[in-house]
Amino acid sequence: MRFLFKTDYDDDIRLFPHSGYVVSYGLLLAALLIAPYVLSSYLMSQLVFVCIYATVGVALLILTGFTGQASLGHAAFLAIGAYTAAYLQKYNVPFPVYFLAAGVLTGCVGALVGFPALRLQGIYLVIATISFAFIVEEILARWESVTNGNEGLRVKALSLLGVTVSRDSPTFYFLCLAVLVLTIVGTLNLLRSPTGRAFVAIRDSETAARSMGVNVALYKVKSFAISAAITGLAGVLFAHKLSFISPEMFTLQLSIEFIIVILIGGIFSLHGAVLGAIFIVMIDPFLTYLKDDMPGVIAGIAATFGAGPATAGNVQSKVAAFASLNGLKGAIYGIIIMLFVLFEPLGLYGRWLKIKLFFQLFPLYKRATFKRQKIYVKSERNR
Amino acid sequence: MLDFVQQLVSGVALGCVYGLIALGFVLVYKATEVVNFAQGDLMMLGGFFAFTFIGMMGLNYWVGFAGAVVAMALFGMLAERIVVRPILGYPQFSIIMATIGLGYFLRSVAGMIWGTDDFKIETPFSRGVLRIGSLVLAHDKLSVIAATIILCALLWLFFNKTTLGTAMRASSENMLAAYYMGIPVKRVVSIVWAISAAVATCAGVLLAPITFIHSNVGLVLGLKAFPAAVLGGFGSIPGAVVGGVLIGVIESMAGFYLPEGWKDVAPYVVLLAVLLLKPEGLFGLHVRKKV
């Protein structure tokens with residue numbers, strides 16, 4: 001086990017606490033850079049979605065994970081970013097300009113949403129952000145001169161420095177990866193700055209933060225604006241990846257998916273956003289696998305255990321029927337959310353930390369290390 | 001004028017359904033400080049249970065209604081036991097997520113079992129109309145309004161006049177203190193989930209003649225019930241129903257008098273306005289957080 005001796009504050013907030021970090025993240029980056037030349041085009045396309053979802057996940061972590069303000073309206077911010085890009089593209093605005101414009105506009109909208117949110121907490125904030133998302137969705141469907149209503153907008157391939165970058169090219173993947181990496185590095189820097197410390201203080205106790213001189217209102221609005229702006233940037237990439245956007249893509253369902261990203265990944269660390277994004281995006285290929293290959297596999301297993309060909313065929317068709325049931329994806333989502341909340345509240349990254357600690361402390365690991373304290377409900381109404 | 005009254009009545013009837021769903025939120029919130037995002041889906045499931053009993057097994061309407069209520073009360077207890085009790089007392093965000101997950105699960109499973117078609121339940125109120133002058137009021141809408149008033153009164157009496165109701169309020173204010181006072185908190189929470197699932201079932205069955213029952217009805221109506229609950233102040237039983245009725249009337253008036261598109265947004269615009277101007281709602285208690 002490695003012991004880190006910290007002698008001053010700079011040691012404590014270092015981005016790479018020791019050389020192991022440089023090596024492992026360097027290897028990861030190298031793997032991601034050669035990925036387009038190794039993986040199939042389908043997997044590459046999924047990897048682009050992982051990058052976009054992870055960027056939104058990081059944005060949501062700033063707001064929900066670090067400032068403690070839950071939001072179920074991030075699909076609306078994504079939509080605003082995507083529509084800004086699609087609209088400005090029609091007037092031949094170059095990519096870097098509308099990319100930044102989408103970020104700035106979404107950030108301003110985020111700040112506007114942040115203001116009413118100042119007085120709201122917990123459940124009220126969740127409901128307010130849901131309402132905001134509904135209103136945005138309806139505006140997108142009705143403001144036909146800009147958004148083309150329910151028919152949606154076509155998004156042309158993006159052109160960068162005179163070169164057209166198609167949505168399936170490795171260049172587009174590198175662009176998404178660069179946005180993700182820059183977002184993560186920027187967020188890490190933000191979190192070790194006074195602003196980030198103020199966010200965390202507000203999350204842990206608003207009253208305590210205020211009494212320490214943190215301007216709670218200002219930092220909440222800032223957190224909303226930053227989170228929204230990053231989501232808007234991701235929205236531009238999302239629009240280009242899909243090449244077609246319409247209001248029904250940006251529903252509550254998508255907002256919930258974003259929350260699932262950080263919930264499954266782990267809500268206390270930026271690693272969580274990436275792990276959760278991988279999980280959410282890879283659920284589709286997994287379901288396809290379940291549909292296509294699983295029946296054969298299970299029938300094969302049944303056959304090896306002495307079932308006749310008739311029984312095996314029967315089993316195969318039963319499993320196939322189950323795997324192609326309509327609502328299977330929703331049911332799996334539901335079960336996964338419940339299982340994570342009940343049994344793994346720290347998410348995938350929390351599980352990784354537990355496994356790591358187990359091997360570090362090998363014979364001495366105690367399960368109680370990560371056990372949650374039993375708490376009793378006390379009304380928030382009279383507190 | 002006649003149009004206005006007609007719209008008003010249908011708005012009130014729709015609002016009563018919102019109110020009944022909101023009532024379910026409020027009950028659970030009052031007793032456990034948990035917000036149940038799956039309330040609309042419990043309503044949907046209740047409707048499907050009633051459809052199974054009445055439409056498929058051919059039982060008498062009232063028998064099927066009672067059967068659905070009892071079955072759903074048991075289901076509510078089961079859901080509480082499995083999903084909510086292990087995380088009771090943890091941050092609200094986790095519980096919200098767990099109930100969202102529960103809602104997802106119920107929707108998909110209902111879709112798998114009953115399919116994605118619309119279903120209709122034949123009720124004794126389906127056909128009749130009440131004529132007052134030239135005003136025509138359908139019985140199914142009146143039945144919703146009447147049932148809402150009765151349920152609301154019963155629940156208000158239950159919460160304010162019975163020992164069990166007082167125990168519920170006590171356990172929400174301070175669970176530990178309630179334990180010390182000898183209140184069986186776990187059983188109380190279990191009962192409140194049963195009651196709220198039963199109320200949701202009533203909403204589902206009464207709704208069946210007005211809109212059809214399908215597997216997504218819970219999501220659509222459940223989300224409209226939030227503005228209702230917030231408008232009424234999240235912890236108040238009469239507030240939930242009044243809020244529901246207001247939202248229903250606003251929605252139906254917006255659909256009639258305002259341009260297309262306002263109907264779906266109006267409840268949320270009202271909600272945001274209420275949250276901005278009076279976050280504690282119409283009937284909420286004004287409280288300030290102490291350090």
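## Helix H8 of chain A

In this predicted model, the buried residues of H8(A) are A:Phe172, A:Tyr173, A:Leu175, A:Cys176, A:Leu177, A:Val179, A:Leu180, A:Thr183 and A:Thr187. They pack against five elements of chain A: helix H2 (19-38), helix H3 (41-66), strand E3 (163-165), helix H11 (216-242) and helix H13 (270-292).

H8(A) covers residues 170-191, and its end C-alpha atoms are 31 Å apart. This agrees with the 32 Å that its 22 residues should span at 1.5 Å a residue.

## Nonpolar core

The largest nonpolar core has 202 residues. A:Cys176, one of the buried residues of H8(A), is among those with the most contacts inside this core, together with A:Ile337, B:Val17, B:Leu23 and B:Met72.

Leaving aside residues up to four places away in sequence, B:Met72 touches B:Leu42, B:Leu45, B:Gly46, B:Phe49, B:Ala197, B:Ala198, B:Ala200 and B:Thr201.

## Contact between the chains

On chain B, 50 residues are in contact with 43 residues of chain A. The elements of chain B that give two or more residues to this side are helix H4 (92-114), helix H6 (163-173), helix H7 (175-180), helix H9 (217-231) and helix H11 (262-277). H4(B) gives the most, with 16 residues. By residue class, the side of chain B that touches chain A divides into 32 nonpolar, 12 polar and six charged residues.

## Hairpin in chain B

Strands E1 (residues 129-132) and E2 (residues 135-138) of chain B run antiparallel and are joined by four bridges. B:Val129 stands opposite B:Ala138 in E2(B). The two strands form a hairpin with two residues between them. In the turn, B:Gly133 has a positive phi of about 60°.

Key. Residues are numbered from 1 along each chain as its sequence is written. Chains are lettered from A and ligands numbered from 1 in the order in which they are written. This is a predicted model: local features need pLDDT of at least 70, side-chain atom pairs count only at pLDDT 80 or more; totals for chains, interfaces and linings use all residues. Two residues are in contact if their C-beta atoms, placed from the backbone, lie within 7 Å. Ala, Val, Leu, Ile, Met, Phe, Trp, Tyr, Cys and Pro count as nonpolar, Asp, Glu, Lys and Arg as charged, and the others, Gly among them, as polar. Two strands pair if DSSP finds at least two bridges between them. A nonpolar core is a set of buried Ala, Val, Leu, Ile, Met, Phe, Trp, Tyr and Cys residues joined through C-beta atoms within 7 Å. A residue is buried if 20 or more other C-beta atoms lie within 10 Å of its own, exposed if 12 or fewer, and partly exposed in between; C-beta atoms are placed from the backbone. The expected span of a helix is 1.5 Å times one less than its number of residues.
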